[in-house]
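Hi everyone, thanks for making time. Let me put the sequence and structure on the screen, and then we can walk through a few local details together.

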Amino acid sequence: MKHLPWLLSALIITGLGCSSAQQETVSDTNTDQVEATAVSDDARLSFTPDEGYRVENASNPGAKLNDGIVSLMYEDRIKHGNFIATAGEDSDWLDFEQAQRVENLSDFRAIKLPDGTFRSYGFDATKGVESGQLTSRSSTDGVTYTDDEGVRYSAQPDDNDSMGVFDFFVDSKGGVVMTYLGDLHGANNLRRAYSTDNGWTFTFEASDILNDAAAQKNGQRGTHVDQKVYAMPDGRFWMITMRQGSVYSFVSDDGGVTWAADGLLLEPSDFSDLGIGSLHDPVMVFLEDGRARIYVTAAEQGGAQNPDVPQHIVSATTAVMF
């Protein structure tokens, strides 16, 4: 569990808990808000590991909360398929059961658009991740999806025709923001694209949005990947990432245009009783009682890239109520 005693003073000074390289001046319009949320931000970055495994021999989680039930999607590494299991308040949303096989992963991760419809995104099924093209499926009820025509976004020249993990959120202006990994075999870092037409077309806006391109040198995987973005009650956005087997946190107060690093959330040693060597693919939900919980793949000692190393889904939870 990571406690960050420096964060309180840093938040009051910078408004975001920025590193010295990323500090910004707090405007007169948001100073009161920053001071009012500083204490809760300190607690926001303190996650306590939950006991045991959520799902054994599983990886690549996705999680969402509907009607008091957390649905957890994962890849079963024994059955070699994708499943969804559920957990309710009676187990503190920790004991998952009734797993059912699921075929279309993108629909589970669909975004609710500004006009109230739903859209899921995925790579061109005929070419896969190396196609560098995102297609989509749409729904009016969030349950039944149909394929859309055409391509929603194509990798840009700076992406070297390759895209990786992508994520979407709606900003306060009603635009749809996409963050994605580009140039997978080179810089392999996060970029931003933006849609003003309800997530139908996206325009490239920026590369290296976490300012970590310099970390990707000499074959080292030093950039932040596996990103997921969540809206906070105070209007800011919270991004969690994975870097070299640990989970990190960034926050934005301008709709995801700029991001400030604000802490290390989880590392393998936090799960020392389970013999964990690295953490991957973190996802988060805000539980019905207001706490935040991260579900994350935990690879045992030996490396997640080794198919023989067991992987499991574990979780960690804040004490703060949002």
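A term to start with: buried means under 20% relative accessible area, exposed means over 50%, and partly exposed is in between, with a 1.4 Å probe and protein chains only. Please keep in mind that this is a predicted model, where local features need pLDDT of at least 70, side-chain atom pairs count only at pLDDT 80 or more, and totals for chains, interfaces and linings use all residues. Residues are numbered from 1 along each chain as its sequence is written, and side-chain values use heavy atoms, with hydrogens and water left out.

Now, two asparagines. Asn-211 sits in the loop between β14 (203-207) and β15; strands here are DSSP runs of E, at least two residues, numbered from the N terminus. Its phi is near 55°, a positive value in a residue other than glycine. Is Asn-211 buried or exposed? Asn-211 is exposed, at a relative accessible area of 56%.

Asn-188 also has a positive phi, near 50°, and lies in the loop between β12 (176-182) and β13 (189-195). Asn-188, though, is buried, with a relative accessible area of 8%.

On to the sheet. Four strands form an open sheet in the order β15-β16-β17-β18, paired antiparallel; pairing requires that DSSP finds at least two bridges between two strands. β15 (225-231) and β18 (260-266) are at the edges with a single partner strand each, so one side of each has no neighbour in the sheet.

Inside it, seven bridges join β16 (residues 237-243) to β17 (residues 246-252). One to look at: Trp-238 has Val-251 in β17 as its bridge partner.
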